[in-house]
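Let's take a walk through a protein model together. Have the sequence and the 3D view open as you read.

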Amino acid sequence: MVQSEPYWDHQVPLPKLGPLHSRLLVALAALVCFINSYDGDFVFDDSEAVINNKDLNPDTPLSNIWKNDFWGSNLSSNSSHKSYRPLTVLTFRLNYLLAGGLHPVGFHVLNIGLHCVISALMIDVFAILIGGLACDEKAKRITHAPKASLLAALFFAVHPVHTESVAGIVGRADLLCALFFQLSFLSYCEAFQGGDKGDKFSLSWIVFSILLCAVAMLCKEQGITVLGVNAAFDIIIICNLDICELTHKLLVRGKAAGIGELVKKGLLVRLALLLFGGSLLLYSRWRIMGTGPPAFTEVDNPASFAENVFLRIVNYNYYYSLNAWLLLCPWWLCFDWSMGCVPLIKSAGDWRIVWLLLLWACLIGLIRQALCSPDSSKRRTLTFGLVLLVIPFLPASNLFFRVGFVIAERVLYLSTAGYCLILAYAVAYCCCCLRRHKKLLQAAMLALLGMNVVRCSLRSQQWRSEQSLFTSALSVCPLNAKVHYNVGKNLADRGNQSAAIKYYREAVRLHPKYVHAMNNLGNILKERNELQEAEELLSTAVHIQPDFAAAWMNLGIVQNSLKKFEEAEQSYWNAIKFRKKYPDCYYNLGRLYADLNRHVDALNAWRNATMLKPDHSLAWNNMVILLDNTGNLAQAELIGKEALKILPKDHTIMFSLANVLGKQQKYKESEGFFLNALKINPNAASCHGNLAVLYHRWGKLDLAKKHYELSLKLDPNAPGTNENYNMLKRKLEQRQRTAG
């Protein structure tokens, strides 16, 4: 089991540092790369996983995080993505509690801290993979490859592909998974600290390693792959098996003699434990998913829907080559790679096939060197580089199940470690072969590290806000409809509707079935009173996706504005059919019924809205106003007071209730609600005007005069206020003449 020091380690152009200084250097490099993202906003997927996730709220039962997926949906729901990551959600909840709300700084600081810790721990992982396990007489571990492990860890710490995992809050899942992945591997290594022979191992450390694997899985599903890395470590380092020699004896010579000596005593037991533990974890994970695997659409992963098996395989391999390119040259990074960003290869004549051929040529070359090189140190390093590169990526490879993305930079977080290990070996090998040019190689290495630091800093700056993140993707994926959609949505949220229309139209042009872009574009056109085109877009959206409840509701609003009342009513009911609990739709349905003078139906619709959403202010207020207008003052008073029990600081409901009470000549009570409303919203001209009318009727003419003047000061054109004020002035003049 004891490995000798790699002869090429001393050629690595780095100073030999002690363990503490090495870890501090790597952690500092990681910190420098991503520190400028610490005060960024919540961006992109953070809105669903953090902002809209009710499981973060302290008022939500803690047990819910064990029943719901990463995005807050119940795992038994057909719409759930089945991403079960309760420990990650628990850390979000802790951030929420510590900060007293959704303040992004705490979330970002923890992400950056995790990346620094993971990067520092990579030194230990790489040192074991390169130099093996060795201890001195005091059972203290000896590091045989201090320079190579430091260089590989530095490459890992500053790799720009990590930006999404570190600067995006959702990347917390990848960070936590990587941390427990490392701890599981290091725990497995601890099982062999009792001696140098493979038949001596600690069962408790192996069981503990499997438990840490389970913890990694509860952070992100990818954590299960550490068992494969542990098995490879056991076979190659602990048992010191030469895979090429073993295969040669079995297949070429047809002899099993000596195989028993190669397979060390205890290996099969340990592999059986790993297999049993992994099978149990996978079975548990499958049971937790409830209704089976998640359902993804062709938009999410078009290659997986290709009918031709050959083209499916070709496109999967093309995706692998693009992932490899992101590791080699992480300059073109994008928050989303779907919706046309990577057009499918549809024929054997597509020139892009060259990329996947090049990928496999490189992989075969590396595999050949890893298995057949006479240099045992080289074999070991390259083998583990490939193991770390490939095994953590397997869940995202589409080989075992369909995934919901084309390329996701986050899933490369662990695979980057394998690439960095191979890169560190390549640097050391070049230094051995080109000793005369070692200074030049050192300069090139430092330039690469420096360039990656700069790229990380620039990219993390882009992740600070949705505006910069989305616009940065336009040059990387100009054919991606989702990029244009997100740029448009961000512009619309900031009030720039004219610019938003341009990007929404481009999104629909690039992807003619993009119903969400049609829905948002239709909404903007509706607000700009371009109702005909809005109706066409929304009708197309619901035709493409008949269960799109939001589009049905918006179509109903447009049809109502076009006086197509029957069609509008049907659209509203279609929306409610596909989304049973839809308070906003009931509210708009109530408005339609009110326009048609179907008062009872309107009241029922608004009552349904308040039952589904008790704080639906507009529905409560409309009920009070409708009952007021139809002369049902007593019922209006009851509804208004019921609403204020739920919304005690809603000045609009106070205003409407005060009007009702004034008509019932309950002047004192009405005055109280008017004054409370003005405390909350002192610049409401209509409130001052109606309070003045109340005082006018009540006979408090001086107060009436004061509030008429305040109302006219705030809104000189307030309807009726001038006439009432002039009437009051005449009355005051008449009173003065009478008094005189």
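A residue is called buried when its relative accessible area is under 20%, exposed when that area is over 50%, and partly exposed in between, using a 1.4 Å probe and protein chains only. Keep in mind that this is a predicted model, where local features need pLDDT of at least 70, side-chain atom pairs count only at pLDDT 80 or more, and totals for chains, interfaces and linings use all residues. Residues are numbered from 1 along each chain as its sequence is written, and side-chain values use heavy atoms, with hydrogens and water left out.

Start at helix α3, residues 86-99. Helices (H or I, at least four residues) and strands (E, at least two) are DSSP runs, numbered from the N terminus. With 14 residues, α3 reaches 20 Å from its first C-alpha to its last, close to the expected 20 Å; that expected span is 1.5 Å times one less than the number of residues. Its buried residues are P86, T88, V89, T91, F92, R93, N95 and Y96. Among the parts covering them are α2 (46-51), α4, α7 (172-190) and α8 (203-219), where contact means heavy atoms within 4.5 Å. Just after α3, G100 takes a positive phi of about 70 degrees.

Now look at how helices pack. Two packed helices are described by the angle between their axes and the distance between the axes. The axes of α1 (residues 19-34) and α4 (residues 104-131) come within 8 Å and cross at roughly 145 degrees. Those axes are lines fitted to C-alpha atoms, for helices over the stretch in contact, and angles run from 0 to 180 degrees between N-to-C directions. On the α1 side, S22, R23, V26, A27, A30, L31 and F34 meet I112, H115, C116, S119, A120, I123 and D124 in α4. The residues of this contact divide into nine nonpolar, three polar and two charged; here Ala, Val, Leu, Ile, Met, Phe, Trp, Tyr, Cys and Pro count as nonpolar, Asp, Glu, Lys and Arg as charged, and the others, Gly among them, as polar.

Last stop: the cysteines. A disulfide is a pair of cysteine sulfur atoms within 2.5 Å, and one joins C341 to C477, S to S 1.8 Å. C341 sits in the loop between α13 (309-328) and α14 (353-372), and C477 in the loop between α18 (466-472) and α19 (481-493), so the pair ties together parts 136 residues apart in sequence. C341 is buried at 13% relative accessible area, and C477 is buried at 2%. C432, in contrast, is in no disulfide, and its nearest cysteine sulfur, that of C433, is 6.5 Å away.
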